Amino acid sequence: MEILLQRGRPARVEAPGIRDLAEARTWLCAARTEIRAALDEHGALVLRGLPVRSVREFVAVRDVILPPPGEVRRGPSFGDDICFREERDPARPIRMHNENSYALTFPGTLLFGCLVAPEHGGATQVADCRAVLRNLPEGLAEKFRTFGWRLTSSHERRRSEFSECRIRSRADVERYCAENLISCAWESGRLRTGRLRSAIIRHPHTGEELWFNHVTAANARSLEARLRAGPGGGEPLCDTAFGNGDVITDEDVAALNKAYDAATFRERWRQGDLLLVDNLLTAHGREPSRTAGRIMVAGGAQVGLDECDPTVAPAAV
């Protein structure tokens, strides 16, 4: 299997003249060890030239590439075992992040699949988390290493991680929070939560130290000014801080985004493209586009935070 490397673009493999789904599954099975080795080295890998045009075909290749449901632990954004979702709101960029970094378990591997390519943008960007950490100013990295990061959220019931987990009652929410080291308080009918998490971890297989979090993606300063305030001009729906409560300043956010930018790769989607991402080695985001296209996302191979040598122990705050 030949790995194609081009400046500014993720590693890529061109599938060898595959005509149908059965051939695609056979090729993926035969190449599984090489694909995993490439993912360990590069963190993300584009697989191009596969006949993936429908949800059914995406699910069929997902079942070859990602572990079967019996090997997967449930994570709050992906529901029961392995499932998939479609990207929405094409005009809104998605900041770089690692999926479910705020949770105690998260997908080890993500699979994106392009059924219809978006027009005028919409690339799924990826950033090497090893390089992001190296790119950070030493003092900033050390402060996050020492204190971790804090996420506070004000939840709208229909949009929260609790609704995605099919949690309905107040008692169930409180039980979920207690089990997952999340503080919770009910204020004027809204739920406020807080959690402390490590910003830096080690990959459980490669042993490499990684920048792994939602620090910029969930920070109010990353939003346009008109979107920073919550409903009625109140507090933001979510925000991040240093783990000791110190404010993450505009200068800090700029330094973090600069570190991401220097480690970012992008590839324009073509119909049938798959993008395989090691969720610990690689952060991902999305550029805005004029049309949504149809990009599917699946997650699997769940990893526990306790397997990743966090520099800060998780806690409810």
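Analyst: Histidine 214 sits in the loop between β11 (209–211) and β12 (238–242); helices (H or I, at least four residues) and strands (E, at least two) are DSSP runs, numbered from the N terminus. The model is predicted, so local features require a pLDDT of at least 70 and side-chain atom pairs a pLDDT of 80 or more, while totals for chains, interfaces and linings use all residues. Residues are numbered from 1 along each chain as its sequence is written, and side-chain values use heavy atoms, with hydrogens and water left out.

Is histidine 214 buried or exposed? Histidine 214 counts as buried because its relative accessibility is 11%. Buried means under 20% relative accessible area, exposed means over 50%, and partly exposed lies in between (1.4 Å probe, protein chains only).

A contact means heavy atoms within 4.5 Å. Not counting residues up to four places away in sequence, histidine 214 touches His97, Asn98, Glu99, Asn100, Ser101, Tyr102, Trp149, Asn219 and Thr240. With one of these residues there is also a polar approach: a polar atom of the side chain of histidine 214 lies 3.4 Å from the backbone oxygen of asparagine 98. A polar contact is a pair of N or O atoms within 3.5 Å; within protein, one must be able to donate a hydrogen and the other to accept it, and residues adjacent in sequence count only if both atoms are side-chain atoms.

Glutamate 99 belongs to the loop between β4 (94–97) and β5. Its relative accessible area is 7%, which means that glutamate 99 is buried. The side chain of glutamate 99 makes a polar contact of 3.3 Å with the side chain of histidine 284.

The wider setting comes next. The protein contains 8 helices and 17 strands, and 50% of its 317 residues count as buried. Among contacts between residues at least 6 apart in sequence, 81% join residues at least 24 apart.

The C-alpha atoms of leucine 39 and aspartate 278 are 239 residues apart along the chain and are separated by 6.6 Å. Leaving out residues up to four places away in sequence, leucine 39 touches Ala44, Leu45, Thr109, Leu276, Val277, Asp278 and Leu281. Leucine 39 is buried, because its relative accessible area is 2%.

Leu39 is among the residues nearest the centre of the second largest pocket, together with Arg36, Ile65, Thr109 and Ala301, and the lining has 20 residues. The elements that each give two or more residues to this lining are α2 (32–42), α3 (55–65), β5 (105–116), β14 (274–278) and β16 (294–304). The largest share, 5 residues, comes from α2. On a 1 Å grid over the protein atoms alone, a pocket is an open set of points where a 1.4 Å probe fits, with protein on both sides within 12 Å along at least five of seven lines; lining residues have an atom within 4 Å of a point. By class, the lining has 12 nonpolar, 4 polar and 4 charged residues. Here Ala, Val, Leu, Ile, Met, Phe, Trp, Tyr, Cys and Pro count as nonpolar, Asp, Glu, Lys and Arg as charged, and the others, Gly among them, as polar.

Two elements of the lining deserve a further remark. Helix α3 is mostly covered, with 8 of its 11 residues buried; these are Glu57, Phe58, Val59, Ala60, Val61, Arg62, Val64 and Ile65. Alanine 301 is found in strand β16 and, at a relative accessible area of 22%, is partly exposed. Most residues other than glycine have a negative phi. Alanine 301, however, has a positive phi of about 55 degrees although it is not a glycine. Leucine 181, in the loop between α7 (170–179) and β8 (183–187), also has a positive phi, near 55 degrees. Leucine 181 counts as partly exposed, at 31% relative accessibility.
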